[in-house]
Amino acid sequence: MYHDLFERVIGDAPPSTVDIEALVCGQRRAAKRRIAGTVVAVVATTGLLTAGALTVGRPAPGGHTPLFGVPVASATAPGVSVTPPPTPGQTTYPPFVGPPVTEPSPAARQRLEAAMRHAVLAVAPAAAFRTGNGASGFDMRHVDQPIAGTPPGNIPSFTYSGTTVVRVGIRQGDLSILVARAGPFREGCGGLPGATCEPVTGPRGETGFLLSQVLASDHREAQYHLWLDRAGVDAGTITVDLMVDAPAGGQPDPPLTADQLVHIAEDPALTLYP
Amino acid sequence: MLRADEDEYRQFVVARLEPLRRMAFLLCRNWHTADDLVSITFGKLYRRWGRARDMENLDAYVRAILTHAWLDERRRPWRREDATDPVPESVAPGGEPPDVAMLRRLLAAVPPRQRAVIVLRFYCDLSVAQTADILGISEGAVKSQAARGLEALRQATAQPVEE
């Protein structure tokens, strides 16, 4: 009813100074810097992360070098098979670690969505969830294709991911949980300005790290990135991401603590092999 | 971000650029700041595009980013403005219709959060619930903060309206 009146108050707008192409290029460069920093740090941190049965350094079959992470060989749990190498003429994929996932996608999505809610509520009983569509729970996606940005046929990905806005009291953040079939690469941490990275060891032999970073260039936004290899459990990996907008002039106040994120990632129900 | 996703993102922001600039201008009353706020908004949206693009009401989400970007700006001491600013000098006295002048004075006089309520409710035509959700306040707070704006709009348009 008042829209026209407001439009008259605004009047004629001068030409925009918002350069969308420059904005896209800047964001693209920032994303590459984050990935590059992670890749550089992988070499330095892999020794810490690969104690025990993990062996590092064997190049991926077919001569490809993964762009993200370090190739891992024989990172299998006892009794776990390795996907056989492709026959000539097939797309060259480094092998997955562990057996194929046989659970149908719709059933897996439903099961993992419930498991994600349960995992969060187990550590934060007052937590509330809201998806992009306003529903209470997680938005679920299933990816079964090469990772974006890598050479065709190089690094396959098999993941179920759930995203939601989690609120605990007055604090809230964007929470993402990714349950992946372990592949021929590992994530590493470090190399990001202002970030802290701590190794994580789970009760069943899981190894990984928790990265915490305040994005100073992003107007008081903070991110927490937890990566956990469940090689000793079920040949899967878990990634938990939490992004929080900090109040102006204050510190980020995430709805979940670092310990809670670790407990979520260690939840045995977050598995591709129920 | 995949190239296809980036193209989708680019199409979205190009289509929303001018409407968001105009909304930002109502909030901050300065075109330079409005463009800054829109850039901040699009930057945040880029990083969250993978999750945001499938939202049922993506426009509301983007308006929320913009509104919070502006409220954050206002909280910075060096950017804080007097809540009772006079009407800008660029407005020629008597040079604009009374209803436009009244709304301009209203927007200049109210504090930032109340201005956001007025813009979201009466310019963006959002419901009380949607406005409350974006600002993270109760519906009662939205109603009370919109009351003064509503009265001023009634006077400006000199016609009965429903709340």
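**Notebook: chains A and B**

I began with two helices of chain B: B:R113, B:A116, B:V117, B:L120 and B:R121 in α6(B) meet B:T131, B:I134 and B:L135 in α7(B). I count two residues as in contact if their C-beta atoms, placed from the backbone, lie within 7 Å. Helices (H or I, at least four residues) and strands (E, at least two) are DSSP runs, numbered from the N terminus. By class, this contact of α6(B) with α7(B) has five nonpolar, one polar and two charged residues. Nonpolar covers Ala, Val, Leu, Ile, Met, Phe, Trp, Tyr, Cys and Pro, charged covers Asp, Glu, Lys and Arg, and polar covers the others, Gly among them.

The model is predicted: local features need pLDDT of at least 70 and side-chain atom pairs count only at pLDDT 80 or more, while totals for chains, interfaces and linings use all residues. Residues are numbered from 1 along each chain as its sequence is written, and chains are lettered from A and ligands numbered from 1 in the order in which they are written.

**Helix geometry**

I looked up how α6(B) and α7(B) (residues 128–135) pack, and found an angle of about 140° with the axes 10 Å apart. Axes are lines fitted to C-alpha atoms, for helices over the stretch in contact, and angles run from 0 to 180 degrees between N-to-C directions. That angle makes α6(B) oblique to α7(B), since under 35 degrees counts as roughly parallel, over 145 as roughly antiparallel, 65 to 115 as roughly perpendicular and the rest as oblique.

**B:C28**

I placed B:C28 in helix α1 (residues 3–28) of chain B. B:C28 counts as buried because it has 21 C-beta neighbours inside 10 Å; the cut-offs are 20 or more other C-beta atoms within 10 Å for buried, 12 or fewer for exposed, and partly exposed in between. Leaving out residues up to four places away in sequence, B:C28 touches B:T33, B:A34, B:L37 and B:W70. I also noted B:L107, 79 residues from B:C28 in sequence and 9.3 Å away in space, C-alpha to C-alpha.

**Chain to chain**

I found 39 residues of chain B in contact with 26 residues of chain A. On the chain B side, α1(B) gives the largest share, 10 residues. By class, that side has 20 nonpolar, three polar and 16 charged residues.

**Whole chains**

I list chain A with four helices and 11 strands, and chain B with eight helices and zero strands. Buried residues make up 36% of the 274 residues in chain A and 34% of the 163 residues in chain B.
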